[in-house]
Amino acid sequence: MRLSILTLNPGYFPGALDEGMIRIARQKGLLEVSVVAIRDFTTDRYGTTDDYPYGGGAGMVMKVEPIARAFESARRAAGPGAPHVLVTSPQGRRFTQAWARDLAREPSIAILCGRYRGIDERVIPILGAEEISIGDYVLSGGEPAALVIVDALARLLPGVLGDAESAEADSFSEPLLDAPVYTRPEECEGHRVPEVLLSGNHERIRLWRRREALRRTWNRRPDLLEGRELSDEDKRLLKEIKGEVAR
Ligand code: ADE
């Protein structure tokens with residue numbers, strides 16, 4: 001996948017793009033990232049990238065022209081084929097694992113990081129972009145959102161994760177939260193690892209993990225269980241969990 005990040009704050013990305021899963025994806029040649037500084041595409045001597053909003057009001061608005069030029073440059077550098085263009089914005093459609101899976105199949109993506117009060121709305125049709133939000137809170141800029149998106153995509157690219165840790169086993173591959181996990185030592189400041197995990201009994205462990213996954217989901221994200229087809233086993237486990245709470 002080829003990825004271009006268009007930003008007013010290019011200094012945000014070195015470091016973050018050189019660590020963890022994103023670094024692995026890049027090293028394996030599965031992800032190619034370029035960070036494009038929008039300010040490099042301004043034409044006045046002040047490097048103006050924003051201006052006052054028409055109609056008045058507080059805050060500044062990102063101008064169309066430097067963005068359009070930065071995008072054109074990124075597009076040419078990326079070679080043939082139009083990229084799928086995203087603009088980070090709290091007004092966007094909510095980013096989900098399902099959307100991440102769709103995006104991970106794109107050969108080329110450009111992410112424009114929003115700033116200030118917003119971006120001139122005409123950028124959306126000019127770039128053929130789609131607005132994307134990582135959640136219902138307001139960041140001061142879209143750079144952390146872009147990193148969230150890149151990280152979520154990098155680990156889904158075929159060949160990035162080993163078989164054992166394949167993304168399919170993860171939370172949100174099916175809509176249940178994960179059960180808790182533990183590693184050595186068996187006891188830590190008086191907290192013991194649940195006995196069942198030390199039992200070596202694979203069936204008991206499987207059932208315990210399923211019950212704890214359902215318990216967490218029911219306690220923390222009951223919305224994920226709504227309208228969901230449950231297996232007979234899940235129904236029984238959930239009934240037990242609800243019984244425990246009522247007691
Ligand atoms: N920019 C500011 N807040 C944001 C959010 N929640 N998601 C994406 N981009 C943003």
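**Close-up views of a predicted model**

At 4% relative accessibility, Asp-234 counts as buried (buried means under 20% relative accessible area, exposed over 50%, and partly exposed in between, with a 1.4 Å probe and protein chains only). Before the views, a word on the model: it is predicted, so local features need pLDDT of at least 70 and side-chain atom pairs count only at pLDDT 80 or more, while totals for chains, interfaces and linings use all residues. Residues are numbered from 1 along each chain as its sequence is written, and side-chain values use heavy atoms, with hydrogens and water left out.

**View 1. Asp-234 meets Arg-210 in a salt bridge.** The N to O distance here is 2.7 Å (a salt bridge is a side-chain nitrogen of Lys or Arg within 4 Å of a carboxyl oxygen of Asp or Glu). Arg-210 sits in helix H6 and Asp-234 in helix H7 (residues 232–246), so the pair ties together parts that are 24 residues apart in sequence. Helices (H or I, at least four residues) and strands (E, at least two) are DSSP runs, numbered from the N terminus. Arg-210 is buried too, at 18% relative accessible area.

View 2. Arg-206 is partly exposed at 37%, and Glu-203 is partly exposed at 42%.

View 3. Elsewhere, a network of salt bridges links Glu-72, Arg-75 and Arg-76. By this rule, the count comes to 21 salt bridges.

**View 4. Strand S6 (residues 108–112) is mostly covered.** Five of its five residues are buried: Ser-108, Ala-110 and Leu-112 on one side, Ile-109 and Ile-111 on the other. S6 pairs in the parallel sense with strand S1 (residues 2–7) over five bridges (strands pair if DSSP finds at least two bridges between them). Four bridges join S6 to strand S5 (residues 84–94), also parallel. Leu-112 is the bridge partner of Leu-6 and stands opposite Val-87.

**View 5. Thr-42 is buried in a loop.** That loop runs between strand S2 (32–37) and strand S3 (50–51), and the relative accessible area of Thr-42 is 16%. Leaving aside neighbours within four places in sequence, Thr-42 is in contact (heavy atoms within 4.5 Å) with Gly-47, Thr-48, Thr-49, Pro-66 and Arg-69.
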